[in-house]
Amino acid sequence: MELPKANPDIVAHRRDIIAALRTLVPDGVVGEEAELAAFDGDALTAYRQKPLACVLPRSKDEVSAVLAFSAAHNIPIVPRGAGTSLSGGALPRGDGILLSLTRMNRILEVDLENRCVVAEPGVTNLAITQAVEAHGFYYAPDPSSQIACTIGGNIAENSGGLHCLKYGLTTNNLLGVEIALVGGERLVLGGKVPGADGLDILGVVAGSEGLLGVVVEATVRMLPKPPATRTLLAAFRKVPDAGQCVADIIAAGIVPAAMEFMDKRCIEAVEAHCAPGYPLEAEGVLIIDADGVPAEVDHQIARIGEIARRNFATVREATSEAERARLWAGRKAAFPAMGRLAPDMLCMDGTIPRRMLPQVLTRMSEMAEEYRLGFCNVFHAGDGNLHPLIIFDMMKGDELARAEAFGAAILKLCVEVGGVLTGEHGVGLEKRELMPTMFNEADLAQQQRLKCAFDADGLLNPGKVFPTLSACVEEGHMHVKGGRLPFANLPRF
Amino acid sequence: MKRISAITEADIVEAVHNARAKRTAFEIVSAGSKRGYGRPLSCENLLDVGSLRGIVAYQPEELIITVLSGTPVDELDMALAEKGQRLGFDPPDLGPLFGAKPAIGTIAGAVSTNASGPARVRYGAVRDQLLGFRAVNGLGEAFKAGGKVVKNVTGFDIPKLVCGAFGTLCVLTELTLRVFPKPSRDQTFVIRDMEPREGFALLRKVWANPLDATGLGYYANSIVLRVEGEEEPLAEKVRILKRLCGRHILEGADSETFRTIGDAGAFLSSDEDVWRLSIPPSQAAGVLDRIRASLWVADCAGAVLWLASNNHVLVRDVAKAVGGHATLVKADAARRASLGVFAAEDEVRAQLTRSVKAAFDPLRLFNPGRMWDGV
């Protein structure tokens, strides 16, 4: 995949731009080459690119000032939280200002009467739960990077986690935001109240991958912590049995708090890594959590156990909190466990209709042979969100190219069987070229016109989400901002 | 007014192309049960999409259903109930509030008004459950957005945007919704003669408890509570509920009470304007103190207040002062036109609203002026 080309006119003015940014955010501009190396990418590790400059504002007004400056001079902006995007959402551009929100990291208000927390964008996902857990509450979306990832990044990517089927993605737990628009103007959307006053702009800002605005404040919903959680491990000798078990659980009217599938390769890797005690003879395991009031959890666990056994599973329940933690530690160690087998890894993220699971898993195994690469599968089974992990070595011949081709083939397969390219990681840079497999020209043009409504000059995170960003055309004429050419007025500083 | 009846998506595409050539706008209707909701329209054409009707695909084990947009909500409810499922947003039947027959509203109408009932407090609103759709935009292009799986972040979340857009962005033709299992039992309770401050405090206390109440209302001086579950779990939830309510006596009540709350049934014969306020729940009692409405009903632990009042300045100011907003749901056409259904937007927001409208419907062919002048 090719990184976006830097505009040499902008790069030529780098020193001036850094000097100007220093007047806007005096103690928060990183401009030295060596220091910029710390900001040269995110968790899509195969791609590295230093930004033109990195700015770390401390306030909404500083964010607005940087955006106003960038708009006045047509300099791209790449917003960044903790840089944990797996799709390259925060990958910098050589001609763009990297706008890091991590210094805006205060929790502004804990309002449990209204079951919400108001936070700056750089607060970590986990810190939000930590701010309320003593009172018996938590913030539900829990992406596996929750110790590091920020709420601003979560909103931009509409992050998920293990508990989405029951508790929703970020967007379903988001009550309001304040965003800075491309010219620096700010807009408050939503608040501590349900529903939009007019068009649901908040709904489309969530998950917009930094293309529509920059979140400078967020109000998120707190949930009361369920008093009971029980965990089952179901081991299957045949993968289709696991698929049927999941379908039967849902059909029985049960929505488990979490339901994770791991295939044989993954079980082996994880057992070698941290020995959580999964049965090695199994072709696949499901780890299932039920939570709620105790009688509901008991009822669900009994039914889930029955259904699993009927589908030929060996079922084991965690009998202590320590065992529960160990079962989940195995699942959460899938990444590092696979990481031990090869230097590089790609994590895919397609979602499929669950009933297609056996067919998709079979086809993926065939593909792995075609592409001659190792892989394993972890799968949010409840919502059909697949995470095939492809392992490779970038230093070896064409392995990166093959890994990317394998990943693309998996995602195309997901779309073919009625699914989607990404369930929670975002399109970013990684999957933008695949957008046409899911959306036709009219679909993509509609999304791009929406982009134009927010950012007619395409300055916010350009190069992400769309394969090509077409010029914004208003019915009959092309958008030209004030008749200016890009960067025509830079020399004035 | 010329009535154009569409039977297929292609009919709509053709109608939009004709409208573009002549620059004539449409009022879009399916059942037409909520035509009185939104600012009044004066369009040359009526585009009737009520014949796009029926279930396209339903896989209960995938927790999704795809339907044509003119499918009656009742029909959808019945199909889901057969498989022990339901719509999570608990669709209210708002038609009768506007003088329509009961139970004729369609799913496109529910989506376009983001009409969500009491169980929204637990499961979320329409906008949380519309996963994907097909539609025709103002360029006369059929397009799709979102997906047909419960978890998807591919591209912009345009499904959220069409929820509550009052048909001003595009003509919806097909909708894919997330559905939920329906527990076999539910129980509704009332506590009578509660003073608002104490009543709302108790509603919030139950709301903050993990027993997952699916109804937290306030109706006719009583607080109304609903819990759901299978036999044993439900019994436990009722025990927890009783403990939370302390000295107050819980009386069993008709589950229809929540229908009445969701449908704004108390306001059918109101001769004052009917408002729906979205406010922080903790502000409910204070807001009512300041507005002193002759009639009010609360939902969602106080986050939603329905009330009757002709004092639009007071209603909007009070809602805004607590960080909420007020929607003028029912009033005569002249008042809806002059007062606006939604509050006036500030300049930055209004500019963005117009740009978003133009991104879908640049010639303003669809329900122009239904939300604001020009939108």
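The exercises below, each with a worked solution, concern a predicted model.

**Exercise 1. Overall dimensions of chain B**

Decide how compact chain B is, and describe its secondary structure and contacts.

Step 1. Chain B holds 13 helices and 17 strands.

Step 2. The radius of gyration of chain B is 21 Å, and the globule rule gives 21 Å for 375 residues, so chain B is as compact as a globular protein of that length.

Step 3. Along the principal axes, the C-alpha atoms of chain B fill a box of roughly 70 × 50 × 35 Å.

Step 4. Burial is counted over the 375 residues of chain B, and 59% of them count as buried.

Step 5. Take the contacts in chain B between residues at least 6 apart in sequence: 71% of these join residues at least 24 apart.

**Exercise 2. The side of chain B that touches chain A**

Which elements of chain B supply at least two residues each to the side that touches chain A, and which gives the most?

Step 1. Start with the extent of the contact: 72 residues of chain B are in contact with 76 residues of chain A.

Step 2. The elements of chain B that each supply at least two residues to this side are helix 5 (126–129), strand 8 (142–146), helix 6 (158–162), helix 8 (231–245) and helix 13 (347–360).

Step 3. Helix 13 of chain B gives the most, with eight residues.

Step 4. By class, the residues on this side of chain B are 36 nonpolar, 19 polar and 17 charged.

**Exercise 3. The seven-stranded sheet of chain A**

Give the strand order of the open sheet of seven strands in chain A, and identify its edge strands.

Step 1. The order is 15-12-14-13-17-18-16, and the pairing is antiparallel.

Step 2. Strand 15 (314–317) and strand 16 (344–347) of chain A are the edge strands, since each pairs on one side only.

Step 3. From one strand to the next, the twist averages 20 degrees.

Step 4. Inside the sheet, strand 12 (residues 228–236) and strand 14 (residues 284–292) of chain A form an antiparallel pair over nine bridges.

**Exercise 4. Strand 4 of chain A and its partners**

Describe how strand 4 (residues 97–100) of chain A orients its residues, and in which sense strand 4 pairs with strand 2 and strand 3 of chain A.

Step 1. In a regular strand, side chains alternate between the two faces of the sheet.

Step 2. For strand 4 of chain A, I97(A) and L99(A) point one way, while L98(A) and S100(A) point the other way. All of these residues are buried.

Step 3. Strand 2 (residues 53–55) of chain A pairs with strand 4 of chain A in the parallel sense, over three bridges. In this pair, A53(A) stands opposite I97(A).

Step 4. Strand 3 (residues 77–80) of chain A also runs parallel to strand 4 of chain A, joined to it by four bridges. Here P79(A) stands opposite L99(A).

**Exercise 5. Domains of chain A**

List the domains of chain A and describe the contact between domain 2 and domain 4.

Step 1. Chain A is divided into domain 1 (8–100), domain 2 (107–224), domain 3 (228–335) and domain 4 (342–430).

Step 2. The C-alpha centres of domain 2 and domain 4 of chain A are 29 Å apart.

Step 3. Eight residues of domain 2 of chain A are in contact with eight residues of domain 4 of chain A. On the domain 2 side, four are nonpolar, two polar and two charged.

Note on methods: Residues numbered from 1 in each chain as written. Chains lettered and ligands numbered in written order. Predicted model: local features only at pLDDT ≥ 70, side-chain atom pairs only at ≥ 80, totals over all residues. Pairing = 2+ DSSP bridges. Axes fitted to C-alpha atoms, helices over the stretch in contact; angles between N-to-C directions. Contact = placed C-beta atoms within 7 Å. Nonpolar A, V, L, I, M, F, W, Y, C, P; charged D, E, K, R; others polar. Domains from an automatic or database assignment. Rg over C-alpha atoms; globule rule 2.2 N^0.38 Å. Buried ≥ 20, exposed ≤ 12 C-beta atoms within 10 Å, placed from the backbone.
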